[in-house]
Structure formats: structure tokens, C-alpha cells
Amino acid sequence: MEPDYTGSGLGNLVASVARGLGASTPAPPTPLLDPARVAEARVVVFALLDGLGAAALERHPDSWLARHCQGTLTSVFPSTTTSALTTFYTGLAPAAHGLPAWFTWLREAGTVAVPLAHNTRYGHLDLGTAGVLPGPLYTATPWAEQADRPVATCQPGWLQGTPYSRHHATGRHHDLEAPGELPGLVGRLAGEPEPRLLQVYWPAFDALSHQHGCGSEAVRDHFHELDAALAATAAALPEDGLLIATADHGLIDVDDGGLHELSALPELAAMLTVPPCGEGRVPFLYPHAGAVEETRAAVQEALDRAVTAIHTREAILDRGWLGPGPAHPELYPRIGDLVVEMAPGHVLTGDPWRPGIRQRAVHGGLSREEMAIPAIIAGGR
């Protein structure tokens with residue numbers, strides 16, 4: 001399921017909301033949500049529920065979330081939080097905002113970084129110690145800064161103070177420590193005289209899925225918690241309120257046979273200048289100079305049927321998987337010479353100092369489970 005940026009993707013839903021609130025983004029709006037409907041709403045809640053892909057709603061067809069799903073959109077590529085959440089906040093495709101993956105090689109700093117945490121992959125050192133300041137790294141302007149009404153942001157407290165959030169999350173900040181707190185907050189905003197926009201980011205569904213797997217009891221329980229919280233949030237809106245919710249990606253389970261560790265592939269590891277970046281589902285590889293084709297052959301031999309395809313950087317850019325530009329000036333080195341598309345249910349992990357780390361459910365790839373996200377739209381009471 002390839003990403004769509006022309007009308008049926010995450011960026012198009014963002015465009016519908018942004019245009020309705022007097023802001024502009026490069027993408028066209030989605031037919032699923034007329035910007036005029038957003039403009040007419042006095043209180044708009046725009047929520048991104050991390051990991052809550054369309055497949056999660058399909059497992060619970062009688063849920064409030066499923067009943068209010070107006071259609072399916074695609075995530076961006078890679079289908080992961082760094083790239084998609086930045087699209088949610090900026091309206092730009094990954095090619096333009098320049099944050100393509102969880103583990104990103106920063107050529108300008110000579111380090112592999114975790115942009116959302118603003119730290120290094122190894123040692124978890126603040127990027128400031130490597131000379132990477134937030135300003136030059138987070139360059140895309142949040143679209144909500146142009147909104148025609150006051151903006152509030154709702155996130156877990158631990159995320160509020162990060163350089164990433166300080167740059168991208170606009171307006172007055174509210175802590176959200178449990179989904180059940182959201183209806184009360186929305187009720188208070190609805191009681192204020194001015195029109196409002198509340199942007200919500202909730203990461204726990206994704207975290208629980210990583211830990212326990214898509215079909216686990218913990219994930220099912222949290223889905224029902226989210227379902228009840230969003231239903232109550234819609235009920236807390238005034239008649240001219242609007243709730244829009246979506247996800248950054250879905251997830252796919254990985255069993256023990258689908259876990260491939262670089263530490264068990266020493267010949268392949270020796271060909272790389274840095275451990276694989278990107279995502280376990282779509283590793284970004286940086287071979288030694290002149291060894292791209294040799295590395296491609298080694299990947300195919302070592303992983304065989306665990307690999308769907310091995311793409312060059314140029315090929316995925318030509319196919320438009322990271323969306324339209326203009327391209328971020330550091331996009332090219334942040335992708336990798338080779339991008340490995342792992343087969344469904346398979347990941348390549350590349351932490352040589354932390355072997356054995358595994359996640360029960362993952363994302364980043366092009367399977368429908370990972371790419372399809374819901375467009376949940378509901379009016380106020």
C-alpha cells in the first residue's frame with residue numbers, strides 16, 4: 001500500500017483542517033472532510049492517536065471509533081511516528097520536512113539521532129552535546145501558527161518539554177496523563193467564548209502494541225479506553241464543535257522467526273559505515289564507498305525471503321514515496337544508499353550494543369496493516 005499525497009493521505013486530512021482554520025499547507029484537502037465544515041466549527045479537536053491504524057478499528061467494528069470512521073487514508077513513508085507526526089504538525093510531506101525516520105543519520109553532526117527525543121541513538125545524549133541545536137534541525141513551520149483562532153496542545157507531560165515538541169506543538173500546553181481526562185478539558189474549552197483549536201497527541205496505544213502485540217489483552221483494553229474517551233469527548237463538544245481523529249500508522253505483529261539481528265550477520269555488518277538507520281521494517285543502509293551493489297547482494301543472500309525488495313535512495317525518491325517537495329536540503333543523506341523493504345512480519349534490528357531487544361508489533365513498512373489509517377469525524381452533541 002503505497003503512500004498517497006494527492007487526496008487520500010494523512011497530509012490531505014491535515015490540509016482540510018488547516019484550510020478550514022485559515023492556514024495553508026501545500027497538500028490538497030481530502031474529499032473526506034470539507035474545509036468549510038471545519039471553518040464552521042467553534043471548537044475543533046484534531047487528534048493523532050499513535051498506532052491506531054484502520055486494522056485496529058476493524059477488529060472492533062461495533063466501537064464508537066469504527067462507527068464514526070468516514071474512510072481510510074494512507075500514512076506517509078516510512079509509516080512511523082517521526083515522519084507522520086511531523087506531517088501532522090506541519091502539513092508537509094517527509095521529503096519537505098526532512099525528518100524521515102526514528103533513527104536518522106545526521107551528516108552535519110556525524111551521529112545517528114532520535115529526532116523526537118532530541119538525543120543520540122547510542123548513549124541517549126542530548127543532541128546539544130553534539131552541536132545540534134533545535135533551530136537548524138526542526139526547520140518546518142507548524143501550520144497551526146497561522147490558524148485564525150487560539151490554539152492549545154494536549155500531550156503527555158513527559159513529552160511537553162522536548163525540543164521537538166516546543167518547536168512543533170503550538171499554543172497553550174495541557175498535560176494529558178490518561179485519555180479519560182480529554183472530555184473534561186474539551187468541556188472547559190467549549191465554555192470559553194472564543195473559537196478554539198485543540199491538537200492532541202496520544203502515544204500509549206503504540207507503546208502497548210510494541211510491548212505486547214496487536215491482539216494482546218493490554219492493547220484491547222486500551223482500545224476500549226480510547227473508544228470511551230473519544231465518545232465522551234465528542235459528547236463534551238458544543239453543537240457547533242467538531243472532532244477529527246486519525247493515526248500516524250498502524251502496526252503488524254512480528255514473531256520470533258521474523259527478528260533478524262545484525263549481530264548475527266557479521267559479513268553484512270562489516271560492509272556498513274554505521275548500523276542500519278530508518279526503521280526495522282525499512283532499514284536505511286549506508287555501505288562503504290563503492291560497495292552499494294556488493295551490499296545489496298549480501299542483504300539478499302543473508303535475509304532471502306525476509307526481504308520484499310531492496311531500493312536505492314534514488315528509486316524511492318523517484319517513486320515519490322516521501323512525497324512532494326521542495327526537498328529538505330538534508331533529505332538525501334538522511335535516507336541511506338539502500339532502503340530494504342522487509343517482508344511482512346520481518347524486521348532487521350541494528351543495535352550491536354543492545355542485542356536481543358525486540359518488539360511484538362512494529363511499523364514503518366508498506367503493508368496495509370501499517371499504512372492504512374482511519375479518518376474519524378464526529379460533530380458535537
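## A buried serine

A residue is called buried when its relative accessible area is under 20%, exposed when over 50%, and partly exposed in between (1.4 Å probe, protein chains only). Ser83 has 0% relative accessibility, so Ser83 counts as buried. This is a predicted model, in which local features need pLDDT of at least 70, side-chain atom pairs count only at pLDDT 80 or more, and totals for chains, interfaces and linings use all residues. Residues are numbered from 1 along each chain as its sequence is written, and side-chain values use heavy atoms, leaving out hydrogens and water.

You will find Ser83 in helix α5 (residues 81–90); helices (H or I, at least four residues) and strands (E, at least two) are DSSP runs, numbered from the N terminus. A polar atom of the Ser83 side chain lies 2.7 Å from the backbone oxygen of Pro78. Beyond its neighbours within four places in sequence, Ser83 is in contact (heavy atoms within 4.5 Å) with residues including Val76, His97 and Leu99.

## Helix α14

Now to α14 (residues 292–303), which has twelve residues. Its buried residues are Thr295, Ala298, Val299 and Leu303. They cover an arc of only 100° around the axis, which puts them on the same side of α14; the arc is that of the directions from the helix axis to the C-beta atoms. These buried residues pack against several elements, among them α13 (266–269) and β14 (307–312).

On the other side of α14, Glu293 and Glu301 are exposed. Just after the helix, Asp304 takes a positive phi of about 50°.

How values were computed:
A polar contact is a pair of N or O atoms within 3.5 Å; within protein, one must be able to donate a hydrogen and the other to accept it, and residues adjacent in sequence count only if both atoms are side-chain atoms. The expected span of a helix is 1.5 Å times one less than its number of residues.
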